Amino acid sequence: MYLCPDKWYNEGVMRRSIKPFVVYLFFLLVIGGLIFLDHQHHRQADVQVEKAEKTTQTSETDKEKVVEDRLATMTLEEKVGQLFWARVPADHQIEDLKSYHLSGYILFGRDFEGRTLEDMKVLTSRYQAASKTPLLIGSDEEGGTVTRISSILDTSFQSPMTLYHQGGMEDVLSDTRKKAEVLKSVGINAGLFPVADLAGDSSAFIYDRTIGQDAQTTASYVKQVVEELQKNKVGSTLKHFPGYGDNGDSHTDIIQDNRSLEDLRQADFLPFQAGIDAGADSILISHNILTKIDTVPSSISPKINEILRKELNFKGVIMTDDLDMAGLADFVSQDEAALQVILAGNDLILGSSYQTQIPYLLKKISSGDLTEERIDESVRRILAWKYDLGLFDMSQ
């Protein structure tokens, strides 16, 4: 063993030299592999994002084509009819859908009386079958004091405030899912909620219909409810812009609200902005007069509409509160109110006086006081909402 010491020494040196080289090579391979995998992961992520963007672009292109194709085939009378989301009349429901080309029906308590869920499904199906353009079929389903379908359910829908106190947002969202399921099962595609209002006074008219929390919590609530409704393809409606506050009841009185625009920006606008950012379909405007902003009810105020469109950047459907409410009805006639609603930039008129309001608008178009181009703007938004709710798929 001592005959070749140089050889053994050299082999030992080589073995000691090779070990760090092998370790170094191993780490290079591992790091290179990780870099490769990371690169592949990013490539896959980029491809997925690109596919999602293309899908969104394709969907938007398809929607625009469906809307424009439909608009191009509509008569002026059909277009004007689309501006009206009417209370279901006591008589001639099917005839009025055909004669006035209404955008849809809103179901109130009397429409559920003595009926089962299956009866309601048959009823809404009859309405849809009678209309050339798919209908918005809505019902106020806030929960608590404002719900219609609860009268024929085993368990009534509770208010958001009650649900929030019981189990936080988990209970609220669970209730929203159940509500969406029930509404869709009977052909109701819009529930006219969530309420995005803030009220600090527990005796205020709107208080029990709010979630009863501060602006930030209310904003989070609105965002999550809108997203849940989107998942279930049930229309969302934020109300009552620009924020009801601690005011009286506009169902029975003309309401004067003296808050400043800056006051609204700091609090009341936050839940509405959260809902808009979450993709809310529509916003309902109150009849309250914001005296520091305009001298007319918000529902016919171009200034309020401009705030919503330009400052809050809302692109969807803007509707009025019910035009039959004293807050507007005692301020201006029903027919003139319909004209002022559209001239202010709003899209959907809620109420019961469409039989005189539609001819009045057609007369104003004929006289040049209202343009067909202005009507088209609103009809596009309304048809786009119907597309998003899958109503055109249903009609094909």
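Tutor: Start on β3, where L136 and G138 point one way while I137 and S139 point the other way, and all are buried; buried means under 20% relative accessible area with a 1.4 Å probe, protein chains only. Keep in mind that this is a predicted model, with local features needing pLDDT of at least 70 and side-chain atom pairs counting only at pLDDT 80 or more, while totals for chains, interfaces and linings use all residues. Residues are numbered from 1 along each chain as its sequence is written, and side-chain values use heavy atoms, leaving out hydrogens and water.

Next to β3 sits its partner β2 (residues 104-107), and the two pair in the parallel sense over four bridges. One of the residues to look for is Y105, whose bridge partner in β3 is I137. The terms here come from DSSP: a strand is a run of E of at least two residues, a helix a run of H or I of at least four, both numbered from the N terminus, and two strands pair if there are at least two bridges between them.

Now step back to the whole open sheet: four strands in the order β3-β2-β1-β9, with parallel pairing. β3 (136-139) and β9 (349-351) are the edge strands, each pairing on one side only. From one strand to the next, the twist averages 20°.

At the β9 end, β1 (residues 84-87) and β9 pair in the parallel sense over three bridges, and F84 has I349 as its bridge partner in β9. Lying across β1 and β9 is helix α13 (residues 354-367), which runs at about 160° to β1. Angles like that go from 0 to 180 degrees between N-to-C directions, using axes fitted to C-alpha atoms, for helices over the stretch in contact, with contact meaning heavy atoms within 4.5 Å.

A pocket here is an open set of points on a 1 Å grid over the protein atoms alone, where a 1.4 Å probe fits, with protein on both sides within 12 Å along at least five of seven lines; lining residues have an atom within 4 Å of a point. Of its 21 lining residues, F108, D140, H251, D321 and D322 lie nearest the centre. The elements giving two or more residues to this lining are β1, β4 (237-241) and β9, and β1 gives the most, with three residues.

Notes. Buried < 20%, exposed > 50% of the residue type's maximum accessible area, 1.4 Å probe, protein only.
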